[in-house]
Amino acid sequence: VVKRYDIADWETIERSRRWPFLLVGNGASCAVSDCFAYTKLLSVSGLGADDLRLFKALGTVNFEAVLDYLRVAALVCEQVGHDEDDVHLRYERIRDALITAINDHHIAWSAIPVGPLERYRGVLLEHEATWCTSYDLLSYWAVMAESPRGNKRIGDCFWTDDGTFDPT
């Protein structure tokens, strides 16, 4: 017997209860700028034909999914006695291409419309804690939008209560 699970739409979930914690992923960044969309990142990644064929064969433009497949492939190669060096090299090449694409094509602070950044900050303020898994600076910039050193409500874990920088 196959169980089916109905997934409520966001409006229903949002009305149903207050969520104390928030996990922010790449979708939030894409809502501010399409430069963070995986299709855009892949198009500017500079990856070669072999790596692009891997994305196509796996049916995804999601870098993390491809990197996870490569991680598993390396584990399988190791377990069955095959040389996994090529898999590790491909993993590093794709990971580095993602980092470079984000770095080289990140939206500039001056190009971000004020409205989306303020809405982003507002959503962050509605939660007790937020974890961000995105590679970009948007969550950080949203936090810094009001004050370069945050405030009592939002902090980036780099500033102490007395306003000094804490590298630890």
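Good morning. I begin with a term: two residues are in contact when they have heavy atoms within 4.5 Å of each other. With that in hand, I turn to this structure, which is a predicted model.

The protein chain has eight helices and two strands. Read from the N terminus, the order of its elements is α-β-α-α-α-α-α-α-β-α. There are 168 residues in the protein chain, and 32% of them count as buried. If we take the contacts between residues at least 6 apart in sequence, 59% join residues at least 24 apart.

Which residues have the most contacts inside the largest nonpolar core? They are Leu-41, Leu-47, Phe-55, Phe-63, Val-66, Leu-70 and Ile-94, in a core of 18 residues. Two or more residues of this core come from each of the elements α3 (38-43), α4 (49-58), α5 (63-80) and α6 (85-105). Apart from this core lies another, of 15 residues, which includes Ile-107, Leu-138, Ala-142 and Met-144.

Setting aside neighbours within four places in sequence, Ile-94 is in contact with Leu-47, Asp-51, Leu-54, Phe-55, Phe-63, Val-66, Leu-67 and Leu-70.

Three of those partners, Asp-51, Leu-54 and Phe-55, bring us to helix α4, where they are buried. Why do we say that the buried residues of α4 line one face of the helix? Seen down the axis of α4, they fall within an arc of 95 degrees, so they line one face. These buried residues pack against α3, α5 and α6. On the face of α4 turned away from the buried side, we find Lys-56 and Ala-57, both exposed. Just after α4 comes Gly-59, whose phi is positive, at about 70 degrees.

Rolling a probe the size of a water molecule over the atoms shows where empty space is left. In this model, the second largest pocket holds about 280 Å³ of space. It is lined by 11 residues, and those closest to its centre are Trp-10, Glu-14, Trp-19, Glu-126 and His-127. The largest share, three residues, comes from α1. By class, the lining of this pocket has six nonpolar, one polar and four charged residues.

Thank you for your attention.

How values were computed. Residues numbered from 1 in each chain as written. Predicted model: local features only at pLDDT ≥ 70, side-chain atom pairs only at ≥ 80, totals over all residues. Heavy atoms only, no water. Core = buried A, V, L, I, M, F, W, Y, C linked by side-chain atoms within 4.5 Å. Buried < 20%, exposed > 50% of the residue type's maximum accessible area, 1.4 Å probe, protein only. Helix = DSSP H or I, 4+ residues; strand = E, 2+ residues; numbered from the N terminus. Arc of directions from axis to C-beta. 1 Å grid on protein atoms, 1.4 Å probe; cavity = no way out; pocket = protein on both sides within 12 Å on 5 of 7 lines; lining within 4 Å. Points joined across faces, edges and corners; volume = space filled by probe spheres on them. Nonpolar A, V, L, I, M, F, W, Y, C, P; charged D, E, K, R; others polar.
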